[in-house]
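Hi,

Here is the model I said I would pass on.

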Amino acid sequence: MAQLSLAEKLTILADAAKYDASCASSGAKRRNSRDGKGIGSTTGNGICHAYAPDGRCISLLKILLTNSCIFDCHYCINRSSSNVRRARFTVDEVVDLTLDFYRRNYIEGLFLSSGIINTPNYTMEQIVRVAKTLREDHDFRGYIHLKTIPDAAADLVTQAGLYADRVSINVELPTVGGLRRLAPEKSEVRIEGAMAKMRSAIEDGKDARKRYRSAPHFAPAGQSTQMIIGADAATDQDIVSRAAALYERFDLRRVYYSAFSPIPDASAVLPLKRPPLMREHRLYQSDWMIRFYNFAPHEVSAAADPATGMLPLDIDPKLAWALKFREHFPMDVNRASKNMLLRIPGLGVKAVDAILAARRWQKLRLDDIGRLTVSVRKIRPFIIAADWTPVVLADQANLLPMLRDKPVQLELFAS
């Protein structure tokens, strides 16, 4: 490998890491250095955010340790047969970059992943050394998210959990058939086995903290995973079902979705076009419905087109569900339970909590609800208020055009 400057390595390895979406720092343990000791903070105060070319917000130093890899997954730009420029950081280089970027207020932490070099154990050892050096030698208190290697030894993965706020293991693709076809060197059994061990280690860590206050925190922000969408034939119903099973089996904090991006010199087994980014957005909305709006996975799947298994792209899945099951609406905001209020399109968790608090003291009118929502026009067909009773929703055949956002032509030379 040719000698590269640190800036050249950063250009290559930060670009290679942009395909990884699972970089949110939510759920981290609160730490800061206001007492004059250590460096870093897990809170976002004073942190500058960077934006990837596709618009995603990134406030972490998100890099790969190396983009060299012994695996040859078809969808991966860093696969062994790819003709990309290769680079590799040393452990000390990653540590210095993290500290320098933090001192300049560029980042709030580190997200570190890597291609697999030499062996899974060797790669995992290098990743752990970065986190260990930051925590023990520099008392770094910022957020650290480490990608673990499923085939690495259990003690190395355990060490990763001791130094990182969050750990993650990618399931790669939504279906077993897709994984075998596009990443034949990876195994669903090994990936899920590693996730199960990590869940067990996290639960043991929580149990130890309850018994002994001096017990170390173990991955306090839990574990997450990511799957690529649009690279295989999996439908949105397949993806929702798979994500729900992962949440239940491995107690995940998040499942991230990454729309497949065509890569240079792509394999012939991959599609030629990327899926619309809106599909990724709709899947995140469906994930939100399960985690915060108490929808069962089969209810979210019911919002999809029964013929294709795909969620609609022009409206969000919560509205699609409401239009499909109109018999539940209109709903009386002064009497409905919290669980039912959460099903009204346009009402979020905060708005529902505000409704429940306010209706203890007064009957809510349409204007009261309007102050809690972005668009009262869209919510009117679904609710009954003290001064508002719409026609029965099932009687309105052409409701969708009224609820759909009107397209707006952007100005080409707007400042």
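This is a predicted model: local features need pLDDT of at least 70, side-chain atom pairs count only at pLDDT 80 or more; totals for chains, interfaces and linings use all residues.

Residues are numbered from 1 along each chain as its sequence is written, and side-chain values use heavy atoms, leaving out hydrogens and water.

The sheet is open and has 6 strands, ordered β3-β4-β5-β6-β7-β8, with parallel pairing. (Strands are DSSP E runs of at least two residues and helices are H or I runs of at least four, numbered from the N terminus; two strands pair if DSSP finds at least two bridges between them.) Its edge strands are β3 (61–64) and β8, each pairing on one side only.

At the β3 end, 4 bridges link β3 to β4 (residues 109–113), and I63 has L112 as its bridge partner in β4.

Now β7 (residues 223–229): 7 of its 7 residues are buried, meaning under 20% relative accessible area with a 1.4 Å probe, protein chains only. Q223, T225, M227 and I229 point one way, while S224, Q226 and I228 point the other. On the β6 (residues 166–168) side there are 2 bridges, with V167 opposite Q223. Towards β8 (residues 254–259) there are 6 bridges, and Q226 sits opposite Y256.

Finally, β7, helix α7 (residues 236–250) and β8 form a β-α-β unit.

Cheers

Notes
Buried means under 20% relative accessible area, exposed over 50%, partly exposed in between (1.4 Å probe, protein chains only). A crossover is right-handed if, with the strands pointing away from the viewer, the path from the first strand over the helix to the second runs clockwise.
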